[in-house]
Amino acid sequence: MNILVCIKRVPVTGGRIVLRDDEQAIETRHLGFAISPHEECGVEEAVRLVEQNGGESTVLTLGPPEAEEQIRDAMAVGINRGILLETSEEWDAQATAAAIVAAVEEERAAGTEYDLIFFGNESADTGNYQVGIRVAHALGRPCVTGLKKIELVGGRARCEQEIDDQRDVYDVALPAVVTVKEGLNLPRYPSVPGRLRAKKKPIDRKTPNPRPAALERVRLKLPPGEDKPTEILGHGPEAAPAVVELLRQIGVI
Amino acid sequence: MAVLALLEHDNGAIGDVATQVLSFGAAYAAAAGLPLHAVVIGPGGEAAAEPAGRFGVTTLHVAEHEGLVAYAPQAIARGVAELIGRLSPVAVIGAGSERGNEVFAHLGAITDLPFAANCIEAAPGEVAQVTRVRWGGSLLEEARVHGALKLLTLAPHSFEARPAAAAAQPAVERFTPVLSDVDLAVRVVERVQTQTGGGVSLASAKVVVSGGRGAGSAEGFAPIEELAGLLGGAVGCSRAVTIAGWRSHTDQVGQTGTKIAPEIYIACGISGATQHMAGCKGAKRILAVNTDPEVANTADFDYAVIGDLHQVLPAISAELRKAGLK
Ligand SMILES: Cc1cc2nc3c(=O)[nH]c(=O)nc-3n(C[C@H](O)[C@H](O)[C@H](O)COP(=O)(O)OP(=O)(O)OC[C@H]3O[C@@H](n4cnc5c(N)ncnc54)[C@H](O)[C@@H]3O)c2cc1C
Ligand SMILES: Nc1ncnc2c1ncn2[C@@H]1O[C@H](COP(=O)(O)O)[C@@H](O)[C@H]1O
């Protein structure tokens with residue numbers, strides 16, 4: 001079975017977000033980068049499914065050359081191959097989906113047909129909630145979103161989606177596209193040998209065709225926050241009466 | 001021409017999110033100088049006519065089809081797309097809920113038009129101007145939406161529901177969309193209960209006591225559970241805790257966890273990373289318990305106790321017992 005996982009490189013923003021002077025992006029000079037938690041669960045699930053059923057897993061990202069780091073992270077936990085669609089800028093969802101579809105079609109022409117394509121339910125940074133669904137339409141495949149569980153039985157996928165305190169179940173034929181959420185599984189940590197093996201795994205680098213943004217970013221801004229100071233209720237156990245007094249004032253006891 | 005609002009409903013009953021969508025849609029329609037229409041898909045939809053009228057809807061489109069009894073996102077989008085073909089609206093506006101965003105992504109794919117998810121402001125025009133939410137609410141984006149038809153969802157609880165000055169009785173127009181097996185291939189076939197009663201749900205708890213990396217271990221949650229129990233609240237945690245395997249992901253608060261809105265959120269041994277705070281923006285007050293005095297500089301924390309949670313929390317619990325709580 002062949003599985004593709006689409007991941008995105010995003011900054012780990014820490015305690016506060018600082019914007020670049022041109023307001024086009026987050027200032028990332030002092031930040032690390034990661035794969036979003038939803039997508040990390042997609043990576044883990046792909047690795048498990050290939051361990052159980054045989055086959056090959058591939059990870060794809062559209063991003064800057066440095067996104068190789070996130071591809072290697074995915075490889076370190078067991079992904080076999082990588083595809084890096086190199087761009088210098090953030091693309092809108094339609095352009096991203098079109099580039100992913102083109103890459104999947106090139107793979108097909110080269111003999112690799114994906115039985116399952118994993119996406120995150122939404123990307124951590126732009127939160128467009130749509131790239132996976134757009135790719136599914138273009139490829140003519142069913143798409144189930146927001147999964148917390150997936151089981152493969154006889155060429156079909158039984159998918160569970162969390163909705164309030166319940167789970168809705170879907171049953172679709174493969175090949176399919178799924179979008180997943182954190183909580184689907186508990187991703188493993190990369191081992192040292194895993195990291196070493198990752199360095200030798202193959203990455204295909206391509207330059208996708210740009211397409212003008214139909215959802216065009218003008219500027220980013222921070223939400224208006226009330227910059228009120230934090231009231232220190234006390235230090236150590238001696239603060240307990242002050243905390244209980246607060247709880248009483250606000251009526252929770 | 002019109003502006004079209006897609007309403008989520010349960011047998012014609014619409015909730016707060018749908019009334020916010022109607023108000024947002026009414027404002028957009030007024031700015032564009034066009035009437036507001038609404039569409040409901042699935043059984044019992046015509047009962048939405050009365051509430052829709054209160055928000056100024058002139059025509060309610062009711063789509064019914066035997067395949068639309070269980071939730072089927074692509075089929076719903078196909079139904080809306082059929083109506084778009086007849087009505088040529090300048091915009092379709094829906095809820096930025098999981099399901100709303102899913103249906104709109106299908107609409108975007110079917111029409112090959114951009115879709116702006118989770119808007120909080122929108123101005124109509126040949127090119128629409130929107131402000132939308134990124135990073136789970138930690139960042140905003142001003143954007144221009146191109147294309148003949150604008151597809152927008154409204155971020156939940158970001159626009160106040162305001163009934164129109166004069167209620168109207170909307171015209172009701174029924175239709176049965178043409179749906180293929182492919183449109184219906186993805187639909188809910190079963191619903192299973194996960195929560196087995198008891199316990200307070202994190203999403204609706206009045207008090208949430210959370211632990212982060214500072215809890216130190218799974219066992220380190222004992223004082224957090226004790227305090228939550230005394231206050232009749234729920235236990236939450238940060239992602240550092242779930243990835244360490246100390247608690248299950250169902251307890252995680254944050255951008256990729258549960259969004260909470262308690263009267264008070266007590267965050268113990270949690271540094272206040274933006275992705276964590278994205279989950280508790282709805283809390284009325286936030287109290288941090290942290291060994292690091294620097295937490296006082298985190299804008300989101302209203303109150304702080306500086307100290308080790310393993311000493312501070314038992315002292316609070318003891319004080320509550322003295323006050324008669326069990
Ligand atoms: C895309 C993305 C999505 C994310 N989604 C989420 C999410 O949904 N939820 C989430 O929580 N995180 C999320 N994160 C992770 C987030 O960025 C932080 O890494 C995480 O919230 C940190 O958890 P923490 O505060 O427990 O740990 P730390 O940041 O390590 O903080 C530990 C704190 O404990 C204090 N401390 C230590 N010992 C004690 C003690 N004995 N008593 C009191 N205080 C003590 C320390 O001073 C420190 O402030 C996400 C990250 C990314 C990139
Ligand atoms: N630049 C990208 N490269 C690879 N995958 C992406 C990219 N952008 C989005 N995706 C995938 O599409 C999902 C949904 O993204 P979005 O529609 O932006 O919310 C993400 O969780 C990723 O799995």
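This is a predicted model: local features need pLDDT of at least 70, side-chain atom pairs count only at pLDDT 80 or more; totals for chains, interfaces and linings use all residues.

User: Let's start with chain B. How many helices and strands does chain B have?

Analyst: Chain B has nine helices and 15 strands. Both are DSSP runs numbered from the N terminus: helices are H or I with at least four residues, strands are E with at least two. Along its principal axes, the C-alpha trace of chain B spans about 65 × 40 × 35 Å. Buried residues are 57% of its 326 residues.

User: Why is Cys6(A) called buried?

Analyst: Buried means under 20% relative accessible area, exposed means over 50%, and partly exposed is in between (1.4 Å probe, protein chains only). Cys6(A) has a relative accessible area of 6%, so Cys6(A) is buried. Cys268(B), at 0%, is buried too.

User: And what makes Asp115(A) partly exposed?

Analyst: Its relative accessibility is 27%, so Asp115(A) counts as partly exposed. You can find Asp115(A) in the loop between α3 (93–109) and β6 of chain A. The C-alpha atom of Asp115(A) is separated by 59 Å from that of Glu245(A), 130 residues apart along the chain.

User: How many disulfides does the structure hold?

Analyst: There are zero disulfides over all chains. A disulfide here is a pair of cysteine sulfur atoms within 2.5 Å. For Cys6(A), the nearest cysteine sulfur is that of Cys143(A), 11 Å away, and Cys6(A) is in no disulfide. For Cys268(B), the nearest is that of Cys237(B), 12 Å away, and Cys268(B) is in no disulfide either.

User: Why is the site of ligand 1 called shared?

Analyst: Residues from chains A and B surround ligand 1, so the site is shared between chains. A residue is near a molecule if one of its heavy atoms lies within 4 Å of it. Of the 28 residues around ligand 1, those that come nearest are Arg213(B), Ser238(B), Ser271(B), Gln275(B) and Asn290(B). In chain B, α7 (239–243), α8 (274–277) and β14 (285–290) each supply at least two residues of this shell.

User: What lies 2.6 Å from an oxygen atom of ligand 1?

Analyst: That is a polar side-chain atom of Gln275(B). A polar contact is a pair of N or O atoms within 3.5 Å; within protein, one must be able to donate a hydrogen and the other to accept it, and residues adjacent in sequence count only if both atoms are side-chain atoms. A polar backbone atom of Thr256(B) is 3.0 Å from an oxygen atom of ligand 1, and one of Gly257(B) is 3.4 Å from an oxygen atom of ligand 1. Taken alone, ligand 1 exposes 1000 Å², and the protein buries 83% of that.

User: Which residues are closest to ligand 2?

Analyst: Cys6(A), Ile7(A), Glu39(A), Leu62(A) and Ser123(A) are the closest of the 18 residues that surround ligand 2. The largest share of the shell, three residues, comes from β4(A). A backbone N or O atom of Asn128(A) lies 2.9 Å from an oxygen atom of ligand 2, and a polar backbone atom of Gln130(A) is also 2.9 Å from an oxygen atom of the ligand. The protein covers 98% of the 490 Å² of accessible area that ligand 2 has on its own.

Note on methods. Residues are numbered from 1 along each chain as its sequence is written. Chains are lettered from A and ligands numbered from 1 in the order in which they are written. Side-chain values use heavy atoms; hydrogens and water are left out. Accessible areas come from the Shrake-Rupley method with a 1.4 Å probe; for residues, only the protein chains shown count as cover.
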